[in-house]
Amino acid sequence: MKILVTGASGFIGQNMFNGLREEHEVLPHEWGQTISDVVGVDWVIHLGAISSTVEQNISKIYRQNLDFSIKLYEECIKHNVNFQFASSASVYGLKSSFEESAPLNPQNHYSRSKAMFEKYIELRKAPIITQTFRYFNVYGPHEDHKGSQASPHTQFTRQAKESGVIKLFEGSDDYKRDFIHVDQVVEHHKKFFAVKESGVWNIGTGVAKSFYDVAKEIADKHGATINYIQMPKVLEGNYQNFTQASMKKTQNTLLYWV
């Protein structure tokens with residue numbers, strides 16, 4: 001198959017490109033390039049976005065995450081190209097239930113932009129296959145450039161190697177997230193090529209793990225210690241302290257189609 005991947009030089013994009021190119025013809029796309037001619041492409045995997053949850057340039061977020069997404073999607077509809085879109089579990093907001101049918105409550109402009117494009121897809125009712133994936137906390141190689149926005153796994157490993165001290169927010173024993181390795185994310189995308197239906201699916205493990213447990217494993221591996229720090233003001237009040245994907249719909253879909 002011929003597949004266009006947006007955000008191909010980003011964290012997940014690099015892993016997606018590498019995971020697909022042995023079996024498929026993969027075309028990379030980056031922000032700033034014109035929308036590539038999608039004629040003859042079988043799938044577009046739309047990963048490109050401003051992923052920072054603390055980005056303050058609001059117009060930039062919506063220009064890249066929403067306006068461009070709509071333009072790209074319309075091109076896919078025009079040329080009958082199937083579409084996979086990387087959304088985020090952050091659209092659920094401060095909840096303890098994470099089923100795809102749950103009301104959304106995004107807490108920042110990043111998650112709002114994702115939720116708004118999801119709504120556009122829902123209302124558009126396009127004739128192409130459109131698969132929206134709500135990623136939970138993805139980690140793995142090629143995310144060093146993300147700095148403070150990198151996954152806890154990457155940040156903790158870097159701190160352990162560089163200083164021997166891992167910095168945890170106070171109360172991190174109670175902060176639990178559904179962490180999924182990027183290789184598993186790529187595999188889900190591959191499997192869904194066989195799914196001939198549109199919809200929204202969670203991409204996680206279904207297991208919540210505390211930040212402390214992640215830090216402890218990495219600290220033990222590298223002989224590091226753990227220090228607690230105060231949460232930055234910019235995160236207070238809108239920080240998801242618990243995520244755990246409901247994977248029932250995803251598993252049932254794959255059991256039916258794959």
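Trainee: Which residues in α2 meet residues in α3?

Mentor: Contact here means heavy atoms within 4.5 Å, and helices are DSSP runs of H or I with at least four residues, strands being runs of E with at least two, both numbered from the N terminus. On the α2 side the residues are I58, I61, Y62, N65, L66, S69, I70, Y73, E74 and I77, and on the α3 side they meet H109, Y110, R112, S113, M116, F117, Y120, I121 and R124. Sorted by class, this contact has twelve nonpolar, four polar and three charged residues, where Ala, Val, Leu, Ile, Met, Phe, Trp, Tyr, Cys and Pro count as nonpolar, Asp, Glu, Lys and Arg as charged, and the others, Gly among them, as polar. Please keep in mind that this is a predicted model, in which local features need pLDDT of at least 70 and side-chain atom pairs count only at pLDDT 80 or more, while totals for chains, interfaces and linings use all residues. Residues are numbered from 1 along each chain as its sequence is written, and side-chain values use heavy atoms, with hydrogens and water left out.

Trainee: At what angle do the axes of α2 and α3 cross?

Mentor: Two packed helices are described by the angle between their axes and the distance between the axes. The axes of α2 and α3 (residues 109–124) cross at roughly 25° and come within 9 Å, which makes α2 roughly parallel to α3. Angles under 35 degrees count as roughly parallel, over 145 as roughly antiparallel, 65 to 115 as roughly perpendicular and the rest as oblique; the axes are lines fitted to C-alpha atoms over the stretch in contact, with angles from 0 to 180 degrees between N-to-C directions.

Trainee: How do α1 and α5 pack, by angle and distance of their axes?

Mentor: Helix α1, residues 11–20, packs with helix α5, residues 182–192, at an angle of about 55°, and their axes are 10 Å apart; α1 is therefore oblique to α5. From α1 the residues F11, I12, N15, M16, G19 and L20 meet V182, D183, V186, H189 and K190 of α5, and by class this contact has six nonpolar, three polar and two charged residues. Helix α5 also packs with helix α7 (residues 248–257), at an angle of about 45° and with the axes 10 Å apart, which makes α5 oblique to α7. There, H188, K191 and F192 in α5 meet T250, T253 and L254 in α7, a contact of two nonpolar, three polar and one charged residues.

Trainee: How many aromatic pairs does the structure hold?

Mentor: Rings of Phe, Tyr and Trp (its six-membered ring) pair if their centres lie within 6.5 Å, with planes under 30 degrees apart stacked, over 60 edge-to-face and the rest tilted. The structure holds 17 such aromatic pairs. The rings of W31 and F68 have centres 5.7 Å apart and planes at 85°, so this pair is edge-to-face. Because W31 lies in the loop between β2 (25–29) and β3 (43–46) and F68 in helix α2 (residues 58–78), the pair ties together parts that are 37 residues apart in sequence. W31 is partly exposed, at 45% relative accessible area, whereas F68, at 10%, counts as buried. Q64, which is also placed in helix α2, counts as buried at 11% relative accessibility, and beyond its neighbours within four places in sequence Q64 is in contact with W31, I50 and S69. Elsewhere, Y73, F83, F85, F117 and Y120 form one aromatic cluster.

Trainee: Which residues of helix α4 are buried?

Mentor: In α4, residues 152–162, they are P152, H153, T154, Q155, F156, Q159 and A160. What covers them includes β6 (137–139), β7 (165–169), β9 (179–181) and α6 (211–222). After α4 comes G164, with a positive phi near 75°.

Note on methods
Buried < 20%, exposed > 50% of the residue type's maximum accessible area, 1.4 Å probe, protein only.
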